[in-house]
Amino acid sequence: MLLLMGAGVTLASPFSRASSGRYAFELVEREVKQGYGTTILVRLVDERTGKVVPDAVLFISRIDMSPDGMNAMTAPLELQADALPGYYRFETDLSMEGGWALTLAAKIPGLPDPVQGRLVLQAVP
């Protein structure tokens, strides 16, 4: 089960630099369908090699409408099983069209600090 809470990260692009500078969360698709049962797919990439990081453990995830100035507008976010290592599939209910920020934090074995990122996506009709 994921702990739903905010992380103090300020990056606001579909490619989010991680705290170590070597890793980045990336949205597979920047636009998603607004509504219930929306799927968001994210990968964690080692920027030195361009390969996904298969063994990270996500421990913080949150989605809100802060890109549109509505920080208090949040949505449920549930991590789903994904068959591809290094990819993280979330299901959410995006009640409104517009900009949504997905905040993530993960622990990569061998790194002292967690990897954090904030990805901005668009919910479209």
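Which strand is Asn-71 found in? Strand S7, which covers residues 70-74. Keep that residue in mind; we will come back to it.

A word of caution before we go on. What you see is a predicted model.

Let's start with the whole protein. There are 11 strands and zero helices. Read along the sequence, the pattern is β-β-β-β-β-β-β-β-β-β-β. The protein has 125 residues, and 42% of them count as buried. The accessible surface is about 6500 Å². Carbon and sulfur atoms account for 54% of that surface.

Now, salt bridges. How many does a search of the whole structure find? Three. Let's walk through them.

Start with Arg-43 and Glu-26. Their closest N and O atoms are 2.9 Å apart. Arg-43 sits in strand S4, residues 35-46, and Glu-26 sits in strand S2, residues 23-27, so this pair ties together parts that are 17 residues apart in sequence. Is Glu-26 buried or exposed? Buried, with a relative accessible area of 14%.

Next, Arg-48 and Asp-46. Their side chains meet in a salt bridge at 2.7 Å, N to O. Look at the two ends. Arg-48 is exposed, at 54% relative accessibility. Asp-46 is buried, at 9%.

Then there is Arg-62 with Asp-64. Here the closest N and O atoms are 2.9 Å apart. Arg-62 is partly exposed, at 25% relative accessibility. Asp-64 is buried, with a relative accessible area of 7%.

That pair takes us back to Asn-71. Which residues does Asn-71 touch, leaving aside its neighbours within four places in sequence? Arg-62, Asp-64, Met-65 and Ser-66.

How open is Asn-71 itself? Its relative accessibility is 48%, so Asn-71 counts as partly exposed.

One last distance. Find Ala-101 in the structure. Asn-71 and Ala-101 are 30 residues apart in sequence. In space, they are 9.2 Å apart, C-alpha to C-alpha.

That's the tour. Thank you.

Conventions. Residues numbered from 1 in each chain as written. Predicted model: local features only at pLDDT ≥ 70, side-chain atom pairs only at ≥ 80, totals over all residues. Heavy atoms only, no water. Helix = DSSP H or I, 4+ residues; strand = E, 2+ residues; numbered from the N terminus. Buried < 20%, exposed > 50% of the residue type's maximum accessible area, 1.4 Å probe, protein only. Areas by Shrake-Rupley, 256 points an atom, 1.4 Å probe, with all protein chains shown as cover. Contact = heavy atoms within 4.5 Å. Salt bridge = Lys/Arg side-chain N within 4 Å of Asp/Glu carboxyl O.
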